[in-house]
Amino acid sequence: MSPKLLIVTPNSFVHAYGGILYLADALWQQGVKIRLLGAVQREYAHLIPQRPYPVVNLAQLPFSRIPKIRLLVWTARIMREGLRSHAHLLFNDFDYFRQAVWLKRLRPKAKLIHYATELL
């Protein structure tokens with residue numbers, strides 16, 4: 001059984017921001033089952049179907065254009081994806097650190113990877 005990995009990034013990854021796109025592609029080629037969650041700008045959304053693995057564009061979720069509830073909608077989707085799959089978790093940057101901690105507490109056997117693209 002090949003390993004599964006849920007990648008969550010607040011950044012647009014379609015232009016290989018911080019290596020997320022390269023990392024996901026390389027892991028996919030190594031046999032890791034990837035599922036990627038990230039916010040992609042509307043002008044680059046046409047590039048998503050070219051990925052061989054499933055991608056959830058957080059920016060296209062219902063109510064995502066309403067700033068006051070966007071974070072709630074995105075958090076709910078991240079939690080749902082993280083709880084329903086038996087995948088390990090890779091979070092990029094600190095934007096969803098709270099969700100990463102919640103998921104790790106709820107799924108202690110899952111490996112949690114924090115992939116820092118830029119060190120402060």
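Author: A residue counts as buried under 20% relative accessible area, as exposed over 50%, and as partly exposed in between, with a 1.4 Å probe and protein chains only. This is a predicted model, in which local features need pLDDT of at least 70 and side-chain atom pairs count only at pLDDT 80 or more, while totals for chains, interfaces and linings use all residues. Residues are numbered from 1 along each chain as its sequence is written, and side-chain values use heavy atoms, with hydrogens and water left out.

Reader: Which residues of α3 are exposed on its other side, and which are buried?
Author: Gln-99, Ala-100 and Leu-103 are buried in α3. Their directions fall within an arc of 100° seen down the axis, so they line one face of the helix; the arc is that of the directions from the helix axis to the C-beta atoms. Arg-98 and Arg-105 are exposed on the other side of α3. Helices here are DSSP runs of H or I with at least four residues, strands are runs of E with at least two, and both are numbered from the N terminus.

Reader: What do the buried residues of α3 pack against?
Author: They pack against α2, β4 (88-92) and β5 (112-115). Contact means heavy atoms within 4.5 Å.

Reader: At what angle do α2 and α3 cross?
Author: The axes of α2 (residues 67-84) and α3 (residues 97-106) cross at roughly 30° and come within 10 Å. Axes are lines fitted to C-alpha atoms, for helices over the stretch in contact, and angles run from 0 to 180 degrees between N-to-C directions. The two helices are therefore roughly parallel to each other, a term for angles under 35 degrees.

Reader: Which residues make that contact?
Author: From α2 come Thr-75, Ile-78, Met-79, Gly-82 and Leu-83, and from α3 come Gln-99, Trp-102, Leu-103 and Leu-106.

Reader: Turning to α1, which of its residues are buried?
Author: In α1 (residues 20-29), the buried residues are Ile-20, Leu-21, Ala-24 and Asp-25. They cover an arc of only 125° around the axis, which puts them on the same side of α1. Tyr-22 and Gln-29 are exposed on the face turned away from that buried side.

Reader: And what do the buried residues of α1 pack against?
Author: Their partners are β1 (4-9), β2 (33-38), β4 and β5.

Reader: One last topic: where is Phe-63, and what is its phi?
Author: Phe-63 is found in the loop between β3 (55-57) and α2. Its phi is near 70°, a positive value in a residue other than glycine. Most residues other than glycine have a negative phi. Phe-63 counts as exposed because its relative accessibility is 53%.

Note on methods. Parallel < 35°, antiparallel > 145°, perpendicular 65-115°, else oblique.
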